[in-house]
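Here is a short report on one protein structure. Please have the sequence and the 3D view ready.

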Amino acid sequence: MAGRPKLYYFDGRGKMESIRWLLAAAGIEFEEEFLETREQYEKLLQGGSLLFQQVPMVEIDGMKMVQTRAILSYIAAKYNLYGKDLKERALIDMYVGGTDDLMGFILMFPFLSAEDKEKQHAVIVQKATSRYFPVYEKVLKDHGQDFLVGNNFSWADVHLLEAILMVEEKKSDVLSGFPQLQAFKARISSIPTIKKFLEPGSQRKPVPDDKYVETVRRVLRMYYNIKAD
């Protein structure tokens with residue numbers, strides 16, 4: 001019997017959080033090794049574990065996988081969260097890609113200056129409500145099913161729920177004009193594996209704090225300030 005997947009990253013969200021979400025949605029238990037020192041990171045580098053000298057890295061099925069999208073695609077395919085045919089897989093890829101674009105505005109947020117955070121907050125809400133959420137609202141309305149693709153739970157649904165909750169942390173009533181997404185959020189959140197992941201004590205990470213930011217900067221030697229778009 002294969003062991004549990006093992007995740008190598010910081011004790012925080014970042015790019016690993018979507019991997020945690022997808023494993024949890026599939027009902028797969030996983031282990032984590034948190035990077036807290038530069039020495040840990042360099043040990044992975046020297047051991048050849050980080051193909052492109054970066055994390056996230058996931059040990060799964062005898063592989064040491066890097067590149068977030070490749071990891072997510074593998075997990076989705078392995079646990080039947082990637083559609084039933086090539087067309088559905090293309091739709092899932094398309095929706096996940098859009099959601100990724102929205103998440104990108106949020107992932108950089110903790111590393112911004114106070115002034116840039118104020119600007120970026122407005123950008124996040126504007127992008128969500130004018131570019132991304134209207135797309136998914138229409139897809140769900142036109143599709144008439146409980147899920148984004150076909151009538152089966154998929155990676156696209158997991159990714160969208162994660163994004164919705166991230167944006168709601170910036171503006172709690174952001175879904176007020178999106179009834180389809182409100183119902184979608186309630187449905188997907190009630191799926192047993194998702195419901196478990198959303199409960200206190202799970203491996204879901206909280207909103208990134210100053211400690212997380214300081215750890216990432218120290219381990220990766222980020223001695224510069226990230227700028228908002």
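## Contacts and core

Contact means heavy atoms within 4.5 Å. By that rule, F133 touches L102, A128, I164, V167, V174, L175, F178 and L181, leaving aside residues up to four places away in sequence.

Of its 75 residues, I19, F133, L148, F153 and L181 touch the most other members. Helix 6 (residues 155-168) gives the most to this core: ten residues. Domain 1 (6-79 + 199-220) and domain 2 (86-191) both contribute residues, so the core lies between them. Domain bounds come from an automatic or database domain assignment.

## Basis of the model

This is a predicted model: local features need pLDDT of at least 70, side-chain atom pairs count only at pLDDT 80 or more, and totals for chains, interfaces and linings use all residues. Residues are numbered from 1 along each chain as its sequence is written, and side-chain values use heavy atoms, without hydrogens or water.

## Helix 1

Helices (H or I, at least four residues) and strands (E, at least two) are DSSP runs, numbered from the N terminus. Buried means under 20% relative accessible area, exposed over 50%, partly exposed in between (1.4 Å probe, protein chains only). Nine of the nine residues of helix 1 (residues 17-25) are buried, so this helix is largely enclosed by the rest of the structure. Among them are R20 and W21. G27 follows helix 1, with a positive phi near 80°.

## The sheet

Two strands pair if DSSP finds at least two bridges between them. Four strands form an open, mixed sheet in the order 2-1-3-4. Strand 2 (31-34) and strand 4 (63-66) are the edges, each pairing on one side only.

Note on methods: Core = buried A, V, L, I, M, F, W, Y, C linked by side-chain atoms within 4.5 Å.
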